[in-house]
Amino acid sequence: MIYICTALYCEAQPFIVHLNLKKELESYQFQIFKNKETVLIITGIGKVKAAVAVTYLLLRYPVSNRDILINVGVCGAQDRDFLVGTVYLCNKIIDRDTKKYYFPDMLLKHPFEENSIETCSFVVEEDEVDIEGKLVDMEAAGIYQAASMFLQTHQLFFLKIISDHLCIKALTAEKIISLVGDQVETILNWVNEIIPAFSCDKNVISKEEEKILKKVSEAIKLTAAMEVQLKQLLIYYKLQHGDFTNVVSRYIGIECKSKNEGKKYFEELRKKLI
Amino acid sequence: MKSLERNLYNLFFSHIYVEKEALAYPGTDEIIKRFPASKIIEISHYKDIFSRLHQSCGMQKKSPKLILAVKKDQLVYKGAPVCEDFGNNHFYYTSTAMNCIYDCEYCYLQGMYSTANIVVFVNIEDVFGAVEKILEQHSVYISVSYDTDILALEHIIGHGKRWIEFSKLHKKLKIELRTKSANFNAIEDMIPQENFILSWTLSPDSYIRNYENRTPSLAERLSSVKTAVSRGWKVRLCFDPLIYTKEWRRLYEEMIEKVFSEVPGEKILDNSIGVFRVSKDYLKRMKKQRGNSVIINYPFESVGGVCSYDEKLSQDMICCVYNLVKKHVAENKIYI
């Protein structure tokens, strides 16, 4: 699943159109749009709202190690050498209030510029003196903190498009739609390129095999500790031979009368599996 | 699959994270100069990136980053009981780098650290100072490449040479540098020191191919061993950790025969033998990182918080390798 977070509807609109996302009618607190592979949430402005929205989203759509989360939106830049319309992948997030730093992993190649971003709780004016981040926004730090409770650091991406040089008077929804719209294809093409990096599945034992394990454990009256040991043995066997059902299936039908008898069966099984 | 990875991932050390305080050290500049294309990101403390929650060592191993930092607090540690002291009193270890560029499936570092990124401490002089303080009280045997592979990083950080220079100054000091690299050429211009031991960890070639990702082949490691021996260095061979697979007996036998057919046993300072062992907590984290590894999913026995093969298998493996090594070197040169 690809999770996209934007603060405003106008930042989301180009993605909604491009990906043909449909509004989820059962979500009341936040606007969510989705298709089969993508869920987009509009978080509202500010890091607290953004953190709440991300938490809401990731609890509603449980994550796996195949997923990625992208925070897309416009941002400001104090330095006028940073051109409006340029997309930045943020490699360092500074929380202006707490002076804490957050670092998304930078493992994958990308076609964007890179720099640091500072998340502020209020709109920063161009004459602000002590800004450490080269870019300025109001959500990234909140999104990182919330999302990193659910996802790993390499699954988080912060893409910011420069909309202004810390003067938002002339910034309209139409302008933002245009800025994001100009980049939506580049961003989504890149997302499609990197998705194969997230396709690994770590569970050696399937849900079906877990059920077999449970049945064997009940049949031969294993203790909880012995069941854990048996699971480890089954994982070890499966990794070498691909399948363990032939070895354990005969134990499912056993009617074991005592724990001592069960221990004998367990020992027998252990020898077969190791 | 490999070419897909090459195309998707940034190069090793594409990003170098540098502590503000580390910027003042000349070593920092020297390292950064070696990576002109890397992005430099200033950080307050290395743990801000090294110790983040929810990192994936497996993913990070595909594009590890370099972190340059200043080592503080404890600079030298007492040797751990699970590590061989080779009969030396006052056994210590220190880490002027943390983590390794190699990617061994069974490596305890993936249980010890929550990241695959590599920290290099640029204030090695402070570590030298701490060792000198201990030397004022008694002799010191110190291992300098436990939680990393200093020689594998030599072209980047040069710490191997620094330790060799340091050993020249202190006769009461004995240093061990352990490696899986074939990087002897990086220190070949140094004069061998009586109190400096180069230790090579050796494994059967099929283990190297299957479980020791990115490490040099046995032939390449042996080539380094031979050159080091011929130049007069004290060399230790470590058959440790011994790893169980169905074919372990044949594979270790073939390897040991190959090793001693190329390197005369009498030229080797000593040899160490030990089975795979790791703390229970580390193993749990290692399995989380590498759920599909046959090696670390072996149903180990846990005794006193240390997981290893059961007593019978451990003894069998150690005895077998001991007897094989014994054919080529004196028994008093074998440590178990």
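The accessible surface of chain A amounts to about 12,800 Å², and carbon and sulfur atoms account for 53% of that area. Accessible areas come from the Shrake-Rupley method with a 1.4 Å probe, and for residues only the protein chains shown count as cover. The model is predicted: local features need pLDDT of at least 70, side-chain atom pairs count only at pLDDT 80 or more, and totals for chains, interfaces and linings use all residues. Side-chain values use heavy atoms, with hydrogens and water left out.

**Overall form of chain A**

Of the 274 residues of chain A, 54% are buried, where buried means under 20% relative accessible area, exposed over 50% and partly exposed in between (1.4 Å probe, protein chains only). Chain A contains eight helices and ten strands; helices (H or I, at least four residues) and strands (E, at least two) are DSSP runs numbered from the N terminus. The radius of gyration of chain A is 25 Å, whereas a compact globule of 274 residues would have one near 19 Å. This radius is taken over C-alpha atoms, and the globule rule is 2.2 Å times the number of residues to the power 0.38. Along the principal axes, the C-alpha atoms of chain A fill a box of roughly 80 × 40 × 35 Å.

**Aromatic pairs**

Over all chains, a search of the whole structure finds 34 aromatic pairs. Rings of Phe, Tyr and Trp (its six-membered ring) pair if their centres lie within 6.5 Å; planes under 30 degrees apart count as stacked, over 60 as edge-to-face and the rest as tilted. Two of the pairs are tabulated here.

| Pair | Centre distance | Plane angle | Class |
|---|---|---|---|
| B:Tyr93 and B:Tyr146 | 5.9 Å | 40° | tilted |
| B:Tyr207 and B:Tyr252 | 5.6 Å | 90° | edge-to-face |

B:Tyr207 belongs to helix 9 (residues 205-211) of chain B and B:Tyr252 to helix 11 (residues 248-262) of chain B, so their pair ties together parts 45 residues apart in sequence. B:Tyr207 and B:Tyr252 are both buried, and B:Tyr93 and B:Tyr146 are buried as well. Ring pairs also link A:Tyr236, B:Tyr244, B:Phe276, B:Tyr298, B:Phe300 and B:Tyr309 into a cluster.

**Helix 1 of chain A**

The buried residues of helix 1 (residues 9-19) of chain A include A:Cys10, A:Phe15 and A:Ile16. Among the elements against which the buried residues of this helix pack are strand 1 (2-6) and helix 4 (173-194) of chain A, contact meaning heavy atoms within 4.5 Å. Just after helix 1, A:Asn20 adopts a positive phi of about 55°.

Key. Residues are numbered from 1 along each chain as its sequence is written. Chains are lettered from A and ligands numbered from 1 in the order in which they are written.
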